[in-house]
Structure formats: C-alpha cells, structure tokens
Amino acid sequence: MELTDGVMQAGIQSSERMHLMHISYVSVGATGHVLASLPLVTELVKRGIRVTYFTSENFRAMVEATGAAFSPVDTVLTDQGKADKDVAKNMDAELPLRFLSEGAVAVEQILAVMRQDMPHAVISDTLAISGRLAASALKLPLIQMYTSYASNDFFDVSASLPKVPDTDPARVAASKLADELSAKYGVEHLGMREIFGGSKCGLNIVTVQKDFQPAGDTFDDNFVFAGAQIAKRIGSAWTPPQNDLPLVYSSLGTLFNNWPEFYIMLGQAVKGLPVNVVASIGSNIQPEELGELPANMQVQAFLPQLEILEHASLFLTHAGIGSVMEAVYYGVPMLAMLQMGEQVLTAMRMQELGLGEAVIDKRQVTVELLRDRIQHMLGSKELLGHVQAMRDKMLSGDSPTTAAQRVIDYAAQY
C-alpha cells in the first residue's frame, strides 16, 4: 500500500510539474516555418504544457488555434510575411544579413516578455536568430526546430547555397552585425554555417523525413526526424472539382513567388488536356494579369495546400522542403521549378529518390516542357510507386507526438 501511495504521489507530482512547465516558441514570420511548428505546439498544449509563441502579428489566429499564447514580434525580414519584390536582385548575398537583422530587431521584444514570464526552455526555429539570442541571454536550455535540413559534421546545409564573396557589402555588414550580437548576447559567431545550419544543442526537432535528409544516418539521437507536420489549418475548407479527371496542383510557395509568366505558360500547356488544374498564385499577382485562362484551370491567391494535396495526382512545386514533405505524406509525385538557390538541394534529392522531376533553371520552362512533363508524369506508375514507398516510411517514423515527448523530457532536466 505504501508503495502504491508513493507511486501515486510521484505521478501527481510529475503531472503538476508538467502543468507548470512553460515553453517559449520563436519562429520567423514566414508561412512555411509557422505551419511546420503548429502540430508540435498543439501536441505540447494537449499535454498540459503552457506555450508562448513569438512571431509576426499576421499569424496570430493560426497560433491561437493551437491553444498557445501569442506574443507579436515586429518583423523586418519580410513585409508581414509577404514577398519583398526587390530582394531577388541580390537575394543570395543579402539573406544572411536579413536573418541577422531580424534577430537583432526581434530579440529585445522577446526578452522583454520572457523576463516577465520566464520559460523553462526555448524552442527556436533555426532561422529565428532571435530565439537563439534570447535563450543565450537568459541562460535557458535551447531546442532547435529545423523546418528544413539539419546540419552536423557530415552535412552542412549552407554549403549548398550559392557562393558569395566575403567582400560583398552585404556579407561585410552581416559579419559586423554577427560580431555585435555575439558580444551582446553571448552566442557563437553566427556565420553562414551557424545561420542556416543552426547551433549545437542537446535536442533538435527536424521536419524532414530521415530518409530524405542528406547523410541522415550520421545524425545521433539528439535529432528527432519528425517528417511532415500535418494538422488541420484555419480556413482550410476546399471543394474538389466534381469530375474524375486527375488533379494537377501548382504552388510556388508563399515567398518570392512573383512569376506571372509561369502561370500563363501553364494555362497554355493544359488547355485541352483531360485534367483539372488548381494554382495558388500568391498576393503579388492579380488574376487579370494572366489573361484568359482555360476552363480547366482555376487560380486563387492562397489555397489550402493539405486539402488539395489529398486529392492531387501531380504537384507543380518550387521545391520548398515543407511542401515536398507534405507531398510525400499524401503520396503525390512532383515536378519542381525552382525560385531560389536553396531549393536546388531539395530538387536534386527529390530526383535522386525517384519522387519527381525538376527544372533547375527556370528559364528552361516552356509551354511545351510543361505539357510534356504533365502528360508523362501523370501516367508513370514507377514514379507513383517510389512516392508511395517513401510515404510508407514516413508514416512509420517519428511524429509530432514523439517530438513533443522529447521536448518535455528534455526541458524537465533543467
């Protein structure tokens, strides 16, 4: 009886500690990054963990739907999550400075809140530099959330990015700012490897399937490869076309997707084909810019991607890693047309694993190419078989449930 009472008491104390646990989550204000975090946050809240979520104001409704407390952060990385039309002129050179500048602006806002309501641990999106700075300044345990590839001694995601001379003015400014942040917040120098590959810490959640991660077998147990993060999203109602034709879904992402010529070519390519086409064109393009589209093609600024992928037979994508993982989850082959340098790695990995095809240079995209690839890929049983096999591996691997328990166990040590 004494043993039973002791076990019960220990269980009560453990439950109380769990309910008292407070986790801060810090994300950059970009749709793909926020969406990838929501299943984990939802699972933590379900388990009685109090979560405070820091990101830009436009994601308040999404975050609050998980049960987490929302804390807004002003952003300079993008205009409230929308694409900056000018950044593409020198995007490869400027990206490190943009992420560091975002961190420098956001961290003081975050620290002001955390000091009033101290968390037990900080989960930081790898690209949310402010989360790493805040954890270091307050000497809190850091958990990293990789919404793209993880890095270790055998694979460095920054090595796949386009090379830019250290003498480039944007890179000089980034190095200077990194020195200032290191001195002020006690973090390591945040060079290219650290910005895009993360810092070394005791727990890392990766929203990439381990079989897809380059050098996946070289990562130790400090990395949890949770794969695609799938959960119902706000405003996600969608009605599929009322016929039995194959559905082709097109989306070039939520950032840097201003390419109206592509949608015009796509419309010409699918005209007369026995397919339905649904395209998400983003907020920078107006439908009237695209001229007259065929009756079997519909365009909209934003569409509920998960609901469409559930019905899709082919996905025309920018090869963002989140989108690719979601397509694998629903067993949908992909044709990739890249928008920026970092997507090359994902597109090449996708081809290597037989999950789809890619056009690395967007200048090679033509009406004829799109028509040929759509017709060929819709009829490929081999391609579909590869995607289905990868989907089976994903569903049998780690999940948000696994990741949430690892977060709780890790934070409870401190």
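In strand β12, Met334 is the bridge partner of Phe315.

Student: What should I know about the model before I start?
Tutor: This is a predicted model: local features need pLDDT of at least 70, side-chain atom pairs count only at pLDDT 80 or more, and totals for chains, interfaces and linings use all residues. Residues are numbered from 1 along each chain as its sequence is written, and side-chain values use heavy atoms, with hydrogens and water left out.

Student: In what sense do β11 and β12 pair, and over how many bridges?
Tutor: Two strands pair if DSSP finds at least two bridges between them. Strands (E, at least two residues) and helices (H or I, at least four) are DSSP runs, numbered from the N terminus. Here β11 and β12 pair in the parallel sense, over 3 bridges.

Student: What is the strand order in the open sheet of 6 strands?
Tutor: The order is β10-β9-β8-β11-β12-β13, with parallel pairing. β10 and β13 (356–359) are at the edges with a single partner strand each, so one side of each is left without a neighbour in the sheet. From one strand to the next, the twist averages 15°. Such angles run from 0 to 180 degrees between N-to-C directions, and axes are lines fitted to C-alpha atoms, for helices over the stretch in contact.

Student: How do α2 and α14 cross?
Tutor: Angles under 35 degrees count as roughly parallel, over 145 as roughly antiparallel, 65 to 115 as roughly perpendicular and the rest as oblique. The axes of α2 (residues 31–46) and α14 come within 9 Å and cross at roughly 60°. That makes α2 oblique to α14.

Student: Which residues of α2 meet α14?
Tutor: Pro39, Leu40, Glu43 and Leu44 do; their partners in α14 include Val407 and Ile408. The contact residues divide into 8 nonpolar, 1 polar and 1 charged. Ala, Val, Leu, Ile, Met, Phe, Trp, Tyr, Cys and Pro count as nonpolar, Asp, Glu, Lys and Arg as charged, and the others, Gly among them, as polar.

How values were computed
Contact = heavy atoms within 4.5 Å.
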